[in-house]
Amino acid sequence: MSNPAEGAPSPEPPGGFAPDCRRCSRLAQFLDEVRAEYPGYHAAPVPSFGPADASLLIVGLAPGMHGANATGRPFTGDYAGILLYATLHEYGFASAPESERADDGLMLHDCRITNAVKCLPPQNRPTTAEIRECNGYLAAEIAGVRPRVILALGKVAHDAVLRTRGLALARHPFAHAAEHRLDDDTVLVDSYHCSRYNTQTGRLTPAMFRTLFARIREQVS
């Protein structure tokens with residue numbers, strides 16, 4: 001395995017990831033099909049990226065077809081990573097403003113990125129059962145990392161984080177820039193997902209994202 005300092009995925013907390021997981025038959029079959037069509041793609045569960053003791057844990061939805069699923073690193077090589085990594089770099093969480101390849105040397109500082117679902121889902125839409133099946137991995141990761149702040153990119157990620165704690169979703173409604181103090185004093189911060197659709201339609205603007213990260217930087221400094 002490559003050295004994490006060269007941009008490779010960082011060590012996972014015990015129980016937080018299974019590189020050969022095939023527990024969701026639909027996802028496993030789809031990855032088999034994608035691997036056959038794109039032999040050079042990672043096309044497997046995507047590990048997290050960043051130090052395993054980070055103060056900030058970012059939770060996305062799932063790997064993108066030609067992004068993380070291709071490169072093997074979250075939000076790397078696809079449109080959704082453009083705003084995310086540029087903002088991480090601006091606020092001192094990343095060594096570079098662009099994330100193009102898993103071997104590009106980019107490093108995260110006191111920040112870790114993961115997904116609620118580790119495998120590429122068809123049409124980028126995991127089922128409720130698949131999200132729940134993967135929730136144990138997310139729970140183990142959060143317990144191992146023990147972040148001070150968790151940033152949920154989108155409602156699916158928000159709900160997945162709450163489920164790791166057994167918290168009622170209705171008592172912690174998702175809303176952009178909302179903050180929820182969880183039972184161990186971890187702060188869950190919500191954001192609209194930095195997808196192409198949200199950024200191009202203006203639902204999530206760079207200014208909105210920077211405002212969010214300015215607040216997060218204060219919380220983890």
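A crossing of two helices is called left-handed if the near helix is turned anticlockwise from the far one by less than a right angle, and right-handed if clockwise; helices (H or I, at least four residues) are DSSP runs, numbered from the N terminus. The model is predicted, and local features need pLDDT of at least 70, while side-chain atom pairs count only at pLDDT 80 or more and totals for chains, interfaces and linings use all residues. Residues are numbered from 1 along each chain as its sequence is written, and side-chain values use heavy atoms, with hydrogens and water left out.

In these terms, α4 passes α5 in a right-handed crossing. The axes of α4 (residues 128-145) and α5 (residues 155-165) come within 9 Å and cross at roughly 70°, where axes are lines fitted to C-alpha atoms, for helices over the stretch in contact, and angles run from 0 to 180 degrees between N-to-C directions. The two helices, α4 and α5, are therefore roughly perpendicular to each other, a term that covers angles of 65 to 115 degrees. In contact (heavy atoms within 4.5 Å) are I131, R132, N135, L138, A139 and I142 of α4 with V156, A160, V161, R163, T164 and R165 of α5. By class, this contact of α4 with α5 holds seven nonpolar, two polar and three charged residues; Ala, Val, Leu, Ile, Met, Phe, Trp, Tyr, Cys and Pro count as nonpolar, Asp, Glu, Lys and Arg as charged, and the others, Gly among them, as polar.

A second pair is formed by α3 (residues 80-90) and α7 (residues 206-220), whose axes come within 10 Å and cross at roughly 45°. That angle makes α3 oblique to α7, oblique being what remains once angles under 35 degrees are set aside as roughly parallel, over 145 as roughly antiparallel and 65 to 115 as roughly perpendicular. The crossing of α3 and α7 is right-handed.
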